[in-house]
Amino acid sequence: MCGAPKQGGSLAGVDLSTQTVIQGSVWHDGAPVAGAYVRLLDATDEFTAEVVTSPEGEFRFFAAPGRWTLRTLAPVGRAERPIDAEVGLNETTLAID
Amino acid sequence: MSRSDVLVTADWAQEHLGDPGIVFVEVDEDTSAYDGGHLEGAVKLDWKTDLQDPLRRDFVGREAFEALLSSRGIGNDDTVVLYGGNNNWFAAYAYWYFKLYGHRDVKLIDGGRKKWELDGRPLSKDAVERPATTYRASEPDLSIRAFRDEVVSSIGNKNIIDVRSPDEFSGKILAPAHLPQEQAQKGGHVPTAMNIPWSKAANEDGTFKSDEELAKLYAEQGYDEAKPTIAYCRIGERSSHTWFVLRELLGKSDVKNYDGSWVEYGSLVGVPIEK
């Protein structure tokens with residue numbers, strides 16, 4: 001099952017004492033961007049995973065502690081930001097100018 | 001076989017929607033993508049419910065594949081044009097699967113659903129009905145499918161390519177990072193495997209890199225032209241993407257996809273693992 005599950009929604013059933021969850025939403029012009037592609041790059045900038053944002057603009061990854069980069073690509077533009085993740089919930093926002 | 005025989009552009013696809021003799025097929029795990037809008041006239045195949053045996057971990061058998069394609073209105077002489085999400089992972093898997101069962105003319109849309117969406121091309125929500133056919137499949141072509149014993153005996157003497165991300169290869173994470181990291185199997189990789197992530201073969205919009213870039217990529221990573229090749233990932237869909245690159249785009253001979261992949265290998269008792 002490498003297909004991305006639906007993005008957003010509850011974290012029920014996710015063990016935040018063991019999982020490193022990186023999640024957030026993509027925004028542009030004061031509104032969330034649905035259907036944006038968000039990829040997670042590792043510390044060497046190599047592709048690790050990609051999801052498509054929910055109707056509310058949300059994305060979620062299950063990673064490991066460490067340095068990651070989030071990059072989004074959407075018809076309205078692109079944005080990128082690094083994140084230092086720890087075990088548990090790590091939240092951020094990607095804003096497309 | 002050359003690039004133009006197996007790969008079409010989004011422009012080509014858009015111009016040929018509705019042409020007789022061409023069937024567009026979307027392949028995703030998440031069929032809600034198709035239901036939310038698909039190429040006009042395209043039928044869907046569900047990676048799991050249509051293409052996997054409901055009981056065992058294996059393909060559907062030849063007769064079930066025949067029934068599936070017949071019900072979708074796909075004929076033996078049709079040109080099947082596949083596309084899907086996840087940078088065409090599952091479309092490439094279906095491509096390999098169609099080839100395994102002997103379909104003659106199969107193509108992928110370069111960039112798949114992602115490029116189509118990023119280009120802002122039209123999608124349709126109309127239900128698609130095609131008249132049923134009587135499809136006849138060949139016996140599975142096992143020259144393109146590797147099984148676990150062959151993988152173990154290939155250690156040190158074939159090109160074994162692990163196409164997962166570097167962090168999966170090293171065992172830091174156990175699944176692609178859009179999935180929860182709780183898996184039964186051990187982390188690591190098959191000894192002597194080269195880590196050439198599938199993503200290095202693709203551009204950011206999901207299209208394949210040029211033949212020149214691809215040839216350079218594998219040469220630089222130590223691909224030995226004189227040896228047969230086995231590609232694997234976690235469950236065999238990303239390695240289908242690399243199988244497509246090596247065999248269909250670059251024309252290399254004797255390339256197999258090990259669809260058992262790490263979910264199987266990492267659970268085998270007694271096999272060697274490197275981390």
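Helix α9 (residues 211-220) of chain B is hardly covered, since 1 of its 10 residues counts as buried. A residue is called buried if 20 or more other C-beta atoms lie within 10 Å of its own, exposed if 12 or fewer do, and partly exposed in between, with C-beta atoms placed from the backbone. Helices (H or I, at least four residues) and strands (E, at least two) are DSSP runs, numbered from the N terminus. Just after α9(B), B:Gly222 takes a positive phi of about 95°.

The model is a predicted one, in which local features need pLDDT of at least 70, side-chain atom pairs count only at pLDDT 80 or more, and totals for chains, interfaces and linings use all residues. Residues are numbered from 1 along each chain as its sequence is written, and chains are lettered from A and ligands numbered from 1 in the order in which they are written.

Chain B as a whole holds 11 helices and 9 strands. Its radius of gyration is 18 Å, close to the 19 Å that the globule rule gives for 275 residues, so chain B is as compact as a globular protein of that length. The radius is taken over C-alpha atoms, and the rule is 2.2 Å times the number of residues to the power 0.38. Along its principal axes, the C-alpha trace of chain B spans about 50 × 40 × 35 Å. Of the 275 residues in chain B, 46% are buried. Among contacts in chain B with a separation of 6 or more, 75% join residues 24 or more positions apart; two residues are in contact if their C-beta atoms, placed from the backbone, lie within 7 Å.

One set of strands in chain B involves β5 (residues 106-109). Strand β1 (residues 7-8) of chain B pairs with β5(B) in the parallel sense over 2 bridges, and B:Val8 has B:Ile109 as its bridge partner. Strand β4 (residues 79-83) of chain B also pairs with β5(B) in the parallel sense, over 3 bridges, with B:Leu82 opposite B:Leu108. Two strands count as paired if DSSP finds at least two bridges between them. In a regular strand the side chains alternate between the two faces of the sheet. In β5(B), B:Val106 and B:Leu108 point one way and B:Lys107 and B:Ile109 the other, and all are buried.

An open sheet of 4 strands in chain B has the order β7-β6-β8-β9, with parallel pairing. Its edge strands are β7 (194-195) and β9 (255-257), each of which pairs on one side only. Strand β6 (residues 159-162) of chain B runs parallel to strand β8 (residues 229-232) of chain B, joined by 4 bridges, and B:Ile161 stands opposite B:Ala231.

Within β8 of chain B lies B:Thr229, which is buried, with 25 other C-beta atoms within 10 Å. Not counting residues up to four places away in sequence, B:Thr229 touches several residues, including B:Lys158, B:Ile161, B:Leu246 and B:Val255. B:Thr229 and B:Ile160 are 69 residues apart in sequence and 5.9 Å apart in space, C-alpha to C-alpha. By contrast, B:Phe65 and B:Ile160 are 95 residues apart in sequence and 29 Å apart in space, C-alpha to C-alpha. B:Phe65 lies in helix α4 (residues 62-71) of chain B and counts as buried because it has 23 C-beta neighbours inside 10 Å. Leaving aside neighbours within four places in sequence, B:Phe65 is in contact with B:Val60, B:Tyr101 and B:Ala137.

Helix α10(B) lies across β6, β8 and β9 of chain B, running at about 165° to β9(B). Helix α10 (residues 238-249) of chain B also packs against helix α5 (residues 85-100) of chain B, at an angle of about 65° with the axes 7 Å apart. By class, this contact of α5(B) with α10(B) has 7 nonpolar, 3 polar and 1 charged residues. Axes are lines fitted to C-alpha atoms, for helices over the stretch in contact, and angles run from 0 to 180 degrees between N-to-C directions. Ala, Val, Leu, Ile, Met, Phe, Trp, Tyr, Cys and Pro count as nonpolar, Asp, Glu, Lys and Arg as charged, and the others, Gly among them, as polar.

Between the chains, 23 residues of chain A are in contact with 30 residues of chain B. On the side of chain A that touches chain B, the largest share, 5 residues, comes from β4(A).
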